[in-house]
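I opened my notebook to keep track of what I looked up here, one stop at a time. Come along and check each entry against the picture.

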Amino acid sequence: MSITVSAPGKLMILGEHAVLYGYPCIATALSKYLFVEAITDISKDVLFTPGISNQSFLRSALTIFRQNYGIKKYINIKTRSELGNYGLGSSAATIVGALKALSRLFNIPLSDKELFDLAYEIAITVQKKASGFDLACAIYGGTIYFDGRTKKVEKISTLSLPMIAAFSGQKRNTVDMVGYVEQLKQEKPHFIEEIFRSIALLVEEGKKAILNCNWKTLGNLLNKNQEFLVKLKISTQKLDQMIDAARKAGSFGAKLSGAGGGDCMIALVSLEKKSQVIQAVKKVGGEVLDLITSVEGVSVL
Ligand code: MEV
């Protein structure tokens, strides 16, 4: 028997980094997927994962799943990724996709919460520090409010947000960026805590704005969040240019999305201004991604 599942990637809307220290964030599942096919094998484990540079998450998922459920069989796993190397949550989608496929293959029903707890154990084993919001996006789908302390997930929208995302062409390792902010926090604990607390207030406001579909307010909150990310020095000149271009072309607001140091920016934009904003972001060298948000979570195909 062969099982294939799809797990969506993510975009952080508000609250990156602060969520690692117990504060909440808002994130959305997007219409780019990692597909995982799992099948039992007779002689050895086979992992065929084009486009996934680091197999540690998949290997760890296999090991921990086997240990937890006493599985002895060999497994053949194939993946296909639409997530590229854009910082769209490919590691989280890999963990969630693999666990979902394995649970179906071996007939071990897992609730969303059980899937999250297992996935989080794997993420922490490999990465040491992770909030788990990206796993929650891949599992639950939609646009979620995620509590960094309790890991509680609240789905606040299933409608696609009026948003564009664009890749800056630059890459920094998430673990390095997380380490950098952690060091900053050790050097200036009060300053950084204050920033995180302020970001958390923006997240609370953002939740209300999304529930009320108030995009102008949400855009302002994105702008304010970006100011704090600039203070943390995790934005780049290129991201700043793209964000500035989006704002000047009439978006409601824009910010970087994720760990920073590169990857993507997002901008909230009305339908009327969308093509204008896309052109402006492209003009400064951004690679605009074609996507919709708040999509369904991990699904067996
Ligand atoms: C990365 O997309 C977001 C961070 O907050 C890391 C995490 O929450 O695990 C920097």
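The entries below go from the ligand to a few residues elsewhere in the chain.

**Entry 1: the model itself.** I am reading a predicted model, and I kept that in mind throughout.

**Entry 2: the ligand.** I began by asking which residues are around the ligand. I found Lys-10, Glu-16, His-17, Val-19, Leu-20, Ala-130, Ser-131, Phe-133, Val-178, Gly-258 and Ala-259 there. I then looked up the place itself, and the space that the ligand takes is the largest pocket.

Next I went through the polar atoms. I saw a polar atom in the side chain of Ser-131 at 2.6 Å from an oxygen atom of the ligand. For Lys-10, I noted 3.1 Å between an N or O atom of its side chain and an oxygen atom of the ligand.

Entry 3: I came back to His-17 to see where it sits. I located it in the loop between strand S1 (2-14) and strand S2 (24-41). Is His-17 buried or exposed? I count His-17 as buried, because its relative accessibility is 4%, under the 20% cut-off. I also wrote down its phi, which is positive at about 70° although His-17 is not a glycine.

**Entry 4: Cys-213, another positive phi.** I found a positive phi at Cys-213 too, near 50°, again in a residue other than glycine. I placed Cys-213 in the loop between helix H6 (189-211) and H7. With 41% relative accessibility, Cys-213 counts as partly exposed.

Entry 5: I moved on to the loop between helix H7 (215-231) and helix H8 (237-248), where I found Ser-235. Why does Ser-235 count as buried? Its relative accessibility is 18%, and buried means under 20%. I then asked which side chains join that of Ser-235 in polar contacts. One is the side chain of Asp-240, at 2.7 Å, and another is that of Gln-226, at 3.1 Å. Not counting residues up to four places away in sequence, I see Ser-235 touching Gln-226, Leu-229, Val-230, Asp-240 and Leu-256.

**Entry 6: Lys-233 in the loop between H7 and H8.** I also found Lys-233 in the loop between H7 and H8. Lys-233 counts as exposed, because its relative accessibility is 63%, over the 50% cut-off. I checked Lys-233 against Gly-261: they are 28 residues apart in sequence, and their C-alpha atoms are 8.5 Å apart in space.

**Entry 7: Leu-229.** I followed the contact from Ser-235 to Leu-229, which is found in helix H7. Its relative accessibility is 0%, so I put Leu-229 down as buried. Leaving aside neighbours within four places in sequence, I listed Glu-16, Ile-234, Ser-235, Lys-255 and Leu-256 as its contacts. Glu-16 was already in my notes as one of the residues around the ligand. I looked up Leu-268 as well: 39 residues separate it from Leu-229 in sequence, and the C-alpha distance is 17 Å.

Entry 8: I turned to helix H1 (residues 56-69), where Ile-64 lies. Ile-64 is buried, with 7% relative accessible area. I find it in contact with Leu-118, Glu-121, Ile-122 and Thr-125, leaving aside neighbours within four places in sequence. Ile-64 and Glu-121 are 57 residues apart along the chain, yet 8.6 Å separates their C-alpha atoms.

I then looked up Ala-123 in helix H3 (residues 112-127). Ala-123 counts as buried at 6% relative accessibility. How far apart in space are the C-alpha atoms of Ala-123 and Ala-61? I noted 8.9 Å, for two residues 62 apart in sequence. Beyond four places in sequence, Ala-123 is in contact with Ile-95, Lys-128 and Leu-135.

**Entry 9: Ser-103.** My last stop was helix H2 (residues 90-105), which holds Ser-103. I have Ser-103 down as buried, at 7% relative accessible area. Setting aside neighbours within four places in sequence, I find Phe-65, Ile-108 and Leu-110 in contact with Ser-103.

Key
Residues are numbered from 1 along each chain as its sequence is written. This is a predicted model: local features need pLDDT of at least 70, side-chain atom pairs count only at pLDDT 80 or more; totals for chains, interfaces and linings use all residues. Side-chain values use heavy atoms; hydrogens and water are left out. Helices (H or I, at least four residues) and strands (E, at least two) are DSSP runs, numbered from the N terminus. Buried means under 20% relative accessible area, exposed over 50%, partly exposed in between (1.4 Å probe, protein chains only). Contact means heavy atoms within 4.5 Å. A residue is near a molecule or strand if one of its heavy atoms lies within 4 Å of it. A polar contact is a pair of N or O atoms within 3.5 Å; within protein, one must be able to donate a hydrogen and the other to accept it, and residues adjacent in sequence count only if both atoms are side-chain atoms. On a 1 Å grid over the protein atoms alone, a cavity is a set of points where a 1.4 Å probe fits but cannot get out, and a pocket is an open set with protein on both sides within 12 Å along at least five of seven lines; lining residues have an atom within 4 Å of a point. A molecule sits in a cavity or pocket if more than half of its atoms lie within 2 Å of its grid points.
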